[in-house]
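Subject: Structure handover

Hello,

The structure is below, with notes on what was found in it after that. Please read the two side by side.

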Amino acid sequence: MENFEFVSPTHFVFGRGAEEQVGEKLAAAGAKRVLVHFGGGSAVASGLIDRVGASLDAAGIEHLELGGVRPNPEITLVREGVRLCKEANVDWVLAVGGGSVIDSAKAIANGACVEGDVWELFETKATDHDVLPIAVVLTIPAAGSEASKNTVISNDELGRKTGYANNAHRPKFAFMNPELTFTLPPFQTAAGLTDMFCHLLERFFDDVGAVPVTDNLNLSLMNTIRAEAPRVLADPDNYDVRANIMWAGMLCHQGLAGVGRHEDWATHGLEHELSALNPAITHGAGLAVMFPAWMEYVYTENPARFAFYGQAVFGLTPTGDVEADALSAIDETRAFFASLGMPTTLAELDVEEADIPKMLPTLAQNKGIPFGTFKKLTLEDAEAIYKLAL
């Protein structure tokens, strides 16, 4: 097991009606003026934004709103949020939504506390500044951003999509009511499940040997996701299934599933270029295509690790041929994603071979070359993986 530091300051309020405690909890934490940040459509139409506002009003907390966060959140709206926070002396940011909204809120909370342009933080990765405290009302379990140290923002002008990690912007509160996820469309639910599973794969496959306590947590979460995925797609109003998925999504990316490991994150880097190329590409769908392609390209570095994964997660019986067993595990991974209705090729995402050269320069800029830990990847490797995914 490698040395590690782990920070987890989030106060979780989980269960039916969790969002009704927003005002009470934030008031007790000293909140006076809150920016309520959200996407749009469903959060407003469902009455959730009004209910959250009423909870804040009842607690005597002033609040202003900024909606309009898109999937793959963009820096322009973040800058608007920073401006509002500075002008109105906002002291908390409350995200109401899924990973995109939370990531945007984290960027705003950072930018509100620095003098220069918030995008500079994504370039420099500087963390030596204050951050406004953040709370979350989660509506889409997937990204795990409700408890993680990570945020990912797109810059359309530069054609960039890149991440920024800072323990200081881990949310202080996460209000998690599984009932808020009942109305998620099947595709959104499936993409979220894929994202969760891939967060675990990034941690399970790296250059560190076995770390049993972490590995077993990781494998348990993988098996939970596999078990609950068909159940939630067949019965989307099943509270217990939705609750298991919501809590698993947080655990998949909070950090515990990777302690003592280096983690890889090459595939997320490869996918980020897809959704920077076309922001309409859902992150989970892009990962469903890219992860099996990455696996096929790198598995020979440690086929026994892949074979073990296939046995522990998919129940595959060892054949005595470790490389064949590793390939079977990769096939099962692709089949699992396909069973959720996810794409399996870049062609299904309308990405062509001619698009690959457009992604490589920003991949190098965002990730540095080489990148990944399971196998150090160069730009030539990245190009080969994209071509495998076609």
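Ser 275 is found in helix 10, residues 266-277. Helices here are DSSP runs of H or I with at least four residues, strands are runs of E with at least two, and both are numbered from the N terminus. Ser 275 counts as buried because its relative accessibility is 1%; buried means under 20% relative accessible area, exposed over 50%, and partly exposed in between, with a 1.4 Å probe and protein chains only. Leaving aside residues up to four places away in sequence, Ser 275 touches Asn 72, Lys 161 and Ile 281, where contact means heavy atoms within 4.5 Å.

On provenance: this is a predicted model, in which local features need pLDDT of at least 70 and side-chain atom pairs count only at pLDDT 80 or more, while totals for chains, interfaces and linings use all residues. Residues are numbered from 1 along each chain as its sequence is written, and side-chain values use heavy atoms, with hydrogens and water left out.

Six strands make an open sheet with parallel pairing, in the order 1-8-5-4-2-3; two strands pair if DSSP finds at least two bridges between them. Strand 1 (11-14) and strand 3 (62-66) are the edge strands, each pairing on one side only. Neighbouring strands of the sheet are turned by 20° against each other on average, direction ignored. Angles run from 0 to 180 degrees between N-to-C directions, and axes are lines fitted to C-alpha atoms, for helices over the stretch in contact.

Within the sheet, five bridges pair strand 2 (residues 33-38) with strand 4 (residues 92-97) in the parallel sense. His 37 stands opposite Ala 95 in strand 4. Helix 5 (residues 99-111) packs on the sheet and touches strand 2, strand 3, strand 4 and strand 5 (134-138); its direction makes about 165° with that of strand 4. Helix 4 (residues 75-88) lies across strand 2, strand 3 and strand 4, at about 160° to strand 3.

The hairpin

Strand 6 (residues 150-155) and strand 7 (residues 160-165) run antiparallel, joined by six bridges. They form a hairpin with four residues between them, and Gly 159 in the turn has a positive phi of about 65°. Asn 150 stands opposite Ala 165 in strand 7. Five of the six residues of strand 6 are buried.

Helix 11

Helix 11 (residues 283-298) is largely enclosed by the rest of the structure, because 14 of its 16 residues are buried.

Regards
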